[in-house]
Amino acid sequence: MLWTTFCRRGASSLRTPLGYSKSRSLFQTHPSYFPRTARVQSGRLPDSHDTFPSFRTQVVKTEGVSSFSARLEKPSIRKQLEFFLGVSLLAYVGAAALTESETKYWKQKLVTVSSMFQLRPPSTDEMRRARYMELGGKLKETLNHLKEETSTWPGTLRNVFLATYVRCAQTYLDWTEGRRICFHIACLNAAVFLAWKVPRLRSFMWKSFAHDPLSGRAYTLLTSVFSHKSFLHLIANNMALCSFGSAATTYFYFQQRNNPDALPEATSIWHFLAFFLSAGVFSGLASHVVSTKIIFPRLVARASTQASIRASPAASAIAKSNNVATAASQQEIMPSLGASGAVYAAVTLSALAFPDAEVRLLFPPFFPIPITTGVGGIILLDIVGVIRGWKLFDHYAHLGGAAFGALYYYYGSSWWNSARRIGAHSWS
């Protein structure tokens with residue numbers, strides 16, 4: 001063939017009367033049309049300033065279209081932060097006002113009961129004992145009403161029913177006021193859990209009772225605190241709430257009773273409710289901030305990188321040869337729900353307030369351990385979950401609740417006393 005014959009001829013066949021002939025290619029003849037190739041042919045490699053931009057970059061420059069990451073709307077935390085501040089402020093102002101109203105009511109009522117209180121105001125313990133006696137009287141009135149309503153029942157069935165009521169009423173009366181208010185919160189959690197089981201309400205529950213950081217909604221930071229989709233999650237949180245919530249309420253009672261500068265109060269349940277709501281919203285806010293300001297930018301950057309790899313055959317081949325995963329990142333932003341953050345706040349507060357107490361865990365080891373050891377262990381487990389990227393629990397919400405409980409232990413008493421003084425001034 002001509003190509004084979006031509007290639008086999010020696011270099012002397014290329015000589016001319018003027019010496020070796022210097023062939024010129026089309027690229028060298030018209031360097032203005034092929035600048036990059038002409039530079040390569042001339043023996044100079046292109047540097048970073050000479051490389052051609054990609055077709056996508058050229059389109060962006062000519063059309064004025066921004067990149068995917070630039071066009072993607074970044075989630076904000078301003079609305080959620082304002083919601084937390086508003087909920088906390090309203091919760092504590094309302095709790096202080098209700099506490100002052102109830103304290104004033106019992107002061108006036110005890111004055112009519114005993115002339116002794118005309119000389120001095122009743123103490124916190126005396127008002128609490130009066131509330132306890134009134135609750136016992138209400139439960140007894142209910143028992144008498146049930147006796148009248150069941151008078152026509154068969155004797156055996158009536159006795160079993162009334163005996164069951166008496167046992168439940170006595171247990172409820174023997175509880176501390178903190179455990180009673182936690183029991184009411186647990187009943188609310190159970191009602192929301194039953195709503196999850198209604199198929200027609202499923203879409204509404206996902207929208208209104210689960211906080212999605214990318215939805216832009218802020219009110220779900222509050223509603224998701226009372227929402228549990230799993231029965232095991234519901235039982236675990238309610239059991240921990242009734243235990244450590246009661247301890248936290250007792251701590252609030254001791255703080256007010258032992259502080260000579262604190263105002264007397266007939267109950268601490270409104271204080272605990274404000275603490276519970278604020279801790280729950282704060283833990284959700286902590287998870288929201290991490291999801292929108294740390295995880296979301298990483299996901300966007302990784303998605304852009306993966307799109308660039310898939311768009312370039314060479315880069316895709318290199319990624320496959322190096323076993324580089326081009327699938328979606330294992331990190332995901334999922335909706336969160338549950339009272340775990342608020343429970344963690346109560347747990348941390350109880351551990352700091354009663355460091356000598358012992359707890360019995362629901363999982364091994366089942367024997368009693370110091371509360372500081374148990375709380376430190378679960379917080380360490382959440383830290384490991386954050387580092388390892390575990391998805392079973394919302395570890396950022398847990399750590400946010402624990403941080404809220406620790407901060408409240410050191411600064412919450414002064415904050416509550418200030419709110420009480422404002423409430424007392426408004427009622428005077």
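**Exercise 1.** Describe how α15 meets α16.

Step 1. The axes of helix α15 (residues 340-353) and helix α16 (residues 371-388) come within 9 Å and cross at roughly 140 degrees. Axes are lines fitted to C-alpha atoms, for helices over the stretch in contact; angles run from 0 to 180 degrees between N-to-C directions. Helices are DSSP runs (H or I, at least four residues), numbered from the N terminus.

Step 2. Classify the angle. α15 is therefore oblique to α16. Under 35 degrees counts as roughly parallel, over 145 as roughly antiparallel, 65 to 115 as roughly perpendicular, and the rest as oblique.

Step 3. List the contacts (heavy atoms within 4.5 Å). Tyr344, Val347, Thr348, Ser350 and Ala351 of α15 meet Ile371, Thr372, Val375, Ile378, Ile379 and Asp382 of α16.

Step 4. Sort by class: this contact of α15 with α16 has seven nonpolar, three polar and one charged residues. Ala, Val, Leu, Ile, Met, Phe, Trp, Tyr, Cys and Pro count as nonpolar; Asp, Glu, Lys and Arg as charged; the others, Gly among them, as polar.

The model is predicted: local features need pLDDT of at least 70, side-chain atom pairs count only at pLDDT 80 or more, and totals for chains, interfaces and linings use all residues. Residues are numbered from 1 along each chain as its sequence is written, and side-chain values use heavy atoms, with hydrogens and water left out.

**Exercise 2.** Find the relative direction of α9 and α12.

Step 1. The axes of α9 (residues 177-196) and α12 (residues 231-258) come within 8 Å, crossing at roughly 160 degrees.

Step 2. The two helices α9 and α12 are therefore roughly antiparallel to each other.

Step 3. Check the residues by class: the α9 contact with α12 has 10 nonpolar, seven polar and two charged residues.

**Exercise 3.** Characterise the largest cavity.

Step 1. Searching the whole structure gives one cavity of 30 Å³ or more. A cavity is a set of points, on a 1 Å grid over the protein atoms alone, where a 1.4 Å probe fits but cannot get out; lining residues have an atom within 4 Å of a point. Grid points are joined across faces, edges and corners, and a volume is the space filled by probe spheres set on the points.

Step 2. The largest cavity holds about 60 Å³ of space.

Step 3. Its lining includes Tyr251, Phe252, His271, Tyr408 and Trp416. The largest share, five residues, comes from α17.

Step 4. The lining of the largest cavity divides into five nonpolar, five polar and no charged residues.

Technical notes:
On a 1 Å grid over the protein atoms alone, a cavity is a set of points where a 1.4 Å probe fits but cannot get out, and a pocket is an open set with protein on both sides within 12 Å along at least five of seven lines; lining residues have an atom within 4 Å of a point.
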